[in-house]
Amino acid sequence: IDMLISGIAVAKEKAAGALSQLAVGNSDNRVAIAKAGAIPPLVDLLTSGTDVAKENAAGALWNLAFNSDNRVAIAKAGAIPPLVDLLTSG
């Protein structure tokens, strides 16, 4: 999570990608990742990261959203507008 916030660009890309992979098919990891505070920095990456970081952050949020509580947290963190922006402008 610290690398999502204060790491260099490549570290942020890799951290978001790693969290995405950890969340795939693992409900316990989805809960743990959210409880660790990953959702807000992932949402921030949607607008401030490199193209790769944005893609990885969107993928991580996708995987985290398989948990209903995480879906609410993702929306409350403001992810919907930047996700829509990514869909419309890349």
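**Reading helices, burial and packing**

Reply: Let us start with Glu 13, which has its place in helix 2 (residues 9-23). Helices here are DSSP runs of H or I with at least four residues, numbered from the N terminus. This is a predicted model, in which local features need pLDDT of at least 70, side-chain atom pairs count only at pLDDT 80 or more, and totals for chains, interfaces and linings use all residues. Residues are numbered from 1 along each chain as its sequence is written, and side-chain values use heavy atoms, with hydrogens and water left out.

Me: What is the nearest side chain of opposite charge to Glu 13, and how far away is it?

Reply: Lys and Arg count as positive and Asp and Glu as negative, while His and the chain ends are not counted. A salt bridge needs a side-chain nitrogen of Lys or Arg within 4 Å of a carboxyl oxygen of Asp or Glu. Glu 13 is buried but has no salt bridge: Lys 14, the nearest side chain of opposite charge, is 6.2 Å away. Buried means under 20% relative accessible area, exposed over 50%, and partly exposed in between (1.4 Å probe, protein chains only).

Me: Which residues is Glu 13 in contact with, leaving aside its neighbours within four places in sequence?

Reply: Contact means heavy atoms within 4.5 Å. With those neighbours left aside, Glu 13 is in contact with Thr 50, Val 52, Ala 53 and Asn 56.

Me: Is Ala 53 buried or exposed?

Reply: Ala 53 lies in helix 5 and has a relative accessible area of 1%, so it is buried. Apart from neighbours within four places in sequence, its contacts are Glu 13, Ala 16 and Leu 45. Ala 53 and Lys 12 are 41 residues apart along the chain, and their C-alpha atoms are separated by 6.4 Å.

Me: How are two packed helices described?

Reply: They are described by the angle between their axes and the distance between the axes. Axes are lines fitted to C-alpha atoms, for helices over the stretch in contact, and angles run from 0 to 180 degrees between N-to-C directions. Helix 2 and helix 5 (residues 51-64) have axes 8 Å apart and pack at an angle of about 20°. These two helices are therefore roughly parallel to each other. The cut-offs are under 35 degrees for roughly parallel, over 145 for roughly antiparallel, 65 to 115 for roughly perpendicular, and oblique for the rest.

Me: Which residues meet where helix 2 faces helix 5?

Reply: From helix 2, Glu 13, Ala 16, Gly 17, Leu 19, Ser 20 and Ala 23 take part, meeting residues of helix 5 that include Val 52, Ala 53, Asn 56 and Asn 63. Gly 17 has 17% relative accessibility, so it counts as buried. Asn 63 also counts as buried, at 10% relative accessibility, and its contacts beyond four places in sequence are Ser 20, Ala 23, Val 24 and Arg 30.

Me: Is Gln 21 buried or exposed?

Reply: Gln 21 is found in helix 2 and is exposed, with a relative accessible area of 60%. From C-alpha to C-alpha, Gln 21 and Ala 60 are 7.5 Å apart, while in sequence they are 39 residues apart.

Me: At what angle do helix 4 and helix 5 cross?

Reply: The axes of helix 4 (residues 39-48) and helix 5 cross at roughly 140° and come within 8 Å. Helix 4 and helix 5 are therefore oblique to each other.
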